Amino acid sequence: MGKHIYNIEKYGGRLMVVDFSFKKNKKLRIILVYNKSGTRKVEEKIETNERIIKLIKEAKTKKMEIICLGDFNLEYKKYDEKVKNNKYCYKSLKIFGKMEELNMWDVHKEEYDMENRKIINTFTNKTTGKGSRIDYIWVTENIFNEIIIAKIKDFSDIKTDHRMLLIGFTENLITPKMPFKKSINKRIIYEYSNTEEKEKESFDNELIDCASFWDKNWSIEEKWEFYERSIREVKEKYIKKNEITIKNNNIIDEYKQQDLYKKLRYIIFLRKKLKKKSGRTLLRKKWRQYQWHFRKLLKKLNIEENYYFSENMFLRKILIYKYIKELNEVYDIIFLKLSYESAKVKEEKIKEAVERRCEDLHSNQRRMIDSVMEKEIKKIVIDRLLTEDKDGQDILVTDEAEINKLTIEHFKNFAGIQNHDVELPDFWKNEYESKSNVEENIYQNVLDPINDEEWVELIKALPLHKASGPTTMTYEDIKYAPKEFNELFRNLIDDVFRTQEMPNDWKIANIYPIPKPKLWGHRLVNTRPITLLEVTRKTMMKILTKRLSKVIKEKRVLQGYQYAGLPLNSTFEPLRIINEVINHANERNKELWLLALDMSKAYDRINISMLEKAMERIKFPKKLQKILTSLFLGRKNRVFTQSGLTELYDMQCGID
C-alpha cells in the first residue's frame, strides 16, 4: 500500500489525510481524526468537523473512495436523539447529519444495528466508569457493500480506555482484478508408504520388466528418457496418489466462502436498503425478486414463521421498522449458526494442527520446531509487479504476458554479469598458479564406476519429502524403485563420468521466488530465488561431492581457513575464534575492529571461466572439470508466477 501513496496532509495535529492512487484511476482517501475532547474551545472542534466535511466533498468530486476514522469525541447517540425529538442540535454534532447526507456509512452502527439494538461503547471514562461511543469508521457506500468483517474488540496487550474498531473489505474495490486465466494450483503427491503391498509388488515387477529392455549402447539422452518415462508411467499406474490444492491460508477468505456468511450479508444488504429512501426505491423495483430470495433463505434455514417482509405484495413505508425488526430476528439466527460453524471449523483446525505436530515429532522434526517457535513461513505471489517507467515513476503491471516478461528479464540478468574470459591482473596470477603441494594423481579414482557398497549407501541416505525438479521426479521414486531397475540409473551416472556428457533435462531448473527479510511490495528486487533441480542430477552430485570431499580432506588440498564445507568441519571453528577474540578485547578493555564482508548474489555471479581457473589451481583432472562446467553452461531456468511457469530462458552466469 505504501507505494501507492501520492499525497499526505496534516491539519493542526487533529487530522491527517492520506491519498492513494491505484491502477485504472482508482483512488482512495483515508482521513484520520483525533478531535478535541471536552466542552471547552468548541469552536476548534467545529472547525475540525468543517474541515472533515470539506475533505470528504473534495474527495467525492475526484471520484475517490473514502474511509474516515478515528476518535471524533462526539456521540452519535446525542445527535440522533436531538433529531428524532425535534430538539435544538449543537453545531458540533451536526457533522453526523452532514456525513449521512454525503452518503457516508457508519460501519459498526449498521453492522451491529445500533439503531434498533444496544449501543456498543468504544470508550470508558476511567474516572466515572461511564461508557460512550465516540470512535467511528465511516466509509463510502461502495466500500460498505464490500465489507467482509466489522468488529469492536478490546485490546489484550495495551492499556487504554478505548476499544479497537476493525473492518475488512475486498481489495478488488480499489485494486484491479487480475486478468489471469484461472490456474489450477494443484500438485500430485505419490504416497509410497500408503500404497497397498499388492500394488507395490506390481510396481516392482513392472519396473523390473522395463529394465530388460535397457540397451547399454543407447546414448546418454536415450537412457535418461527411458529411465524417467518408465518411472513416471509405472508409478502413475500403481502408487497411491493424493491431489493437494495449494492455497493461501486466508482466514477471511475462508469465512467469506461459508454459505451462512453470504446469507448474513444478504440480510445486512436488505436492512441497509430499507433505512434510506434511495434504497427503498431500489427494493420496490424488484420487490418480488427480493422476497423470493428471502423466502428461499428462510426455507434453507428451516425457519417456518411468517414475516411481513415475505408476505406483503408491496413494500409499505408504514411497516419499515417492522421489516427491520424481522430482519434482525433472522440476522440473529444466522449469526448464531455462523458462530457455531466457525467455532467448529476452528476446533477442527486446532485438532488437525495438534495431530500434525505430534506426527512431525517423529517424521518431520524441523517443521515441528518451526511450528512450536511460531516461525513465519513467508510466501509471495507474482500476480502483479511494481516497476519504473523511463521517468523513474512507479507503475503497477497486471498484464500476464508483461509480468512474465519482466520476471524473466529480472532473474536472467539480476547477477549483472555474463560468463566471459578474464585476463587476471598480475597480483592475482600468483594466487591462481597450480598448487605445488597438490599431486595430480590424487583424483584418479573420483570418476571410477560406482561400486555396490557406495550405491547402496547412497540410495539409503536419500532424503524424503523434498521438492521435485522440472520433470517432477522425486527422491522417493529412486529410493523405492527395485534395485534391478535402479541399476539403470547407476549405469547412466557411470556413463556421465565416462563420457562427460549429461541429459539436457539436468540443465533445466525451476525457480521459486521467496521474499528477502524485508517488505516484498511486488518488487522482484526484494526476492531471492530457490532453485529446484532434477533430483537425479543432485544424486549424481552427492557421489562426486563425497568422493571429492574425502580426497581434499585427506590430502589437505584446502588449507588455512578454506575448510568449512569439508567433512567433520564447519563454520563453528572460525566463529569460536572470533568470539574468543571479542571476549579477550572486552576483558582487557582493548579497542577491536572487525571487518565482515557479505558478497551479494555470490553464487549467481560466479564466472565459469574463473571457476575453471580455480579448479586448475588445485589440479582437477580435465574430465572432472568438463563434467562440472557442463552442469553450469547452457543452463535454462523458468520461474513460478501466478499464471504458472514462465518460458525457459538462458542463464548468463553463476552456479546452482
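A: Tyr88 is exposed, its relative accessible area being 61%; here, exposed stands for over 50% relative accessible area, buried for under 20% and partly exposed for values in between, with a 1.4 Å probe and protein chains only. Tyr90 has a relative accessible area of 47% and is therefore partly exposed. The model is predicted: local features need pLDDT of at least 70, side-chain atom pairs count only at pLDDT 80 or more, and totals for chains, interfaces and linings use all residues. Residues are numbered from 1 along each chain as its sequence is written, and side-chain values use heavy atoms, without hydrogens and water.

A pair of aromatic rings is described by the distance of the centres and the angle of the planes. Rings of Phe, Tyr and Trp (its six-membered ring) pair if their centres lie within 6.5 Å; planes under 30 degrees apart count as stacked, over 60 as edge-to-face and the rest as tilted. Over the whole structure, 31 aromatic pairs are found. One of them is formed by Tyr88 and Tyr90, which are edge-to-face, with 6.1 Å from centre to centre and 90° between the planes. Tyr266 and Phe269 are stacked, because their planes stand at 20° and their ring centres are 6.3 Å apart.

Helix α9 (residues 259–274) holds both Tyr266 and Phe269, which are 3 residues apart, about one turn of the helix. Helices (H or I, at least four residues) and strands (E, at least two) are DSSP runs, numbered from the N terminus. Tyr266 is buried at a relative accessible area of 17%, while Phe269 is partly exposed at 24%. Beyond these pairs, one aromatic cluster is made up of Phe72, Tyr76, Tyr79, Phe96, Tyr136 and Trp138.

A further tyrosine, Tyr480, lies 9.5 Å from Ser193, C-alpha to C-alpha, although 287 residues separate the two in sequence. Ser193 belongs to the loop between β11 (186–190) and α6 (197–211), and this serine is exposed, with 60% relative accessibility.

Two loop residues provide a backbone setting for comparison. Lys63 has a phi near 60°, a positive value in a residue other than glycine. Lys63 is placed in the loop between α1 (42–61) and β4 (65–71) and is exposed at 73% relative accessibility. Gln500 likewise has a positive phi, near 60°, and is not a glycine. The loop that holds Gln500 runs between α19 (483–499) and β15 (508–515), and Gln500 is buried at a relative accessible area of 10%.

The protein chain contains 23 helices and 19 strands, and 40% of its 656 residues count as buried. Its C-alpha trace spans about 105 × 70 × 50 Å along the principal axes. Contact means heavy atoms within 4.5 Å; among contacts between residues at least 6 apart in sequence, 68% join residues at least 24 apart.
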